[in-house]
Amino acid sequence: VMVWILPLQIFLVISLFDYHQVTGVWVRHWWSLPSMAYFRGLFCAPGTANTLCNVPVGGGNFFPNGTEFNFSNESMWCDLVYNATNCTEIRDEAQQDMLFFSYLFYNTNGGWGLLLVILLL
């Protein structure tokens, strides 16, 4: 009776695997945007989610208050905005943690989906 759902189930299971590393690109390039604030709060060191952990890729073009400035690199951003030198390390560690849990989530759901496909056969 449930055989009609099998092709859809197989398609959805296949789409769970991140073949092209899209998640890594998404995390890296969207990290400093407001839409990632929840994830920064989860994975950044306590008290750094909207400060040191929020360094934009390549330094970005703006101060956090919106003032335009061309930062030549992330270290320059960190130094001028927070008078610190460890922003990139803090951000990179948080991003690695997020990627680990994201891939764990995807692969767990993919495995569960494969099990369901096998059960439907």
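**Close-up views of a predicted model**

Counting the bonded cysteines along the protein chain, the disulfides follow the pattern 1-2, 3-4. The model shown in these views is predicted, and a search of the whole structure finds 2 disulfides.

**View A. The disulfide of Cys44 and Cys53.** Cys44 is joined to Cys53 by a disulfide, with an S to S distance of 2.0 Å. The link is left-handed, with -65° about the S-S bond. Cys44 and Cys53 are buried.

**View B. The disulfide of Cys78 and Cys87.** Here a disulfide connects Cys78 with Cys87, S to S 2.0 Å. The torsion about this S-S bond is about 75°, and the disulfide is therefore right-handed. Both Cys78 and Cys87 are buried.

**View C. The buried face of helix H4.** Helix H4 spans residues 74-82, and its buried residues are Glu74, Trp77 and Cys78. Seen down the axis of H4, these residues fall within an arc of 95°, so they line one face of the helix. Helix H2 (22-30) and helix H5 (87-120) are among the elements that cover the buried residues of H4.

**View D. The two ends of helix H4.** At the N-terminal end, Asn73 caps H4, with a side-chain oxygen 3.1 Å from the backbone nitrogen of Ser75. Just after H4, Asn83 adopts a positive phi of about 50°.

**View E. The surroundings of Asn54.** Asn54 is located in the loop between helix H3 (37-43) and H4. Its relative accessibility is 16%, so Asn54 counts as buried. Apart from neighbours within four places in sequence, Asn54 is in contact with Trp31, Ser32, Arg40, Thr48, Ala49 and Trp77. One of these residues, Trp77, is also among the buried residues of H4.

Note on methods
Residues are numbered from 1 along each chain as its sequence is written. This is a predicted model: local features need pLDDT of at least 70, side-chain atom pairs count only at pLDDT 80 or more; totals for chains, interfaces and linings use all residues. Side-chain values use heavy atoms; hydrogens and water are left out. Buried means under 20% relative accessible area, exposed over 50%, partly exposed in between (1.4 Å probe, protein chains only). Helices (H or I, at least four residues) and strands (E, at least two) are DSSP runs, numbered from the N terminus. The arc is that of the directions from the helix axis to the C-beta atoms. Contact means heavy atoms within 4.5 Å. A polar contact is a pair of N or O atoms within 3.5 Å; within protein, one must be able to donate a hydrogen and the other to accept it, and residues adjacent in sequence count only if both atoms are side-chain atoms. A disulfide is a pair of cysteine sulfur atoms within 2.5 Å.
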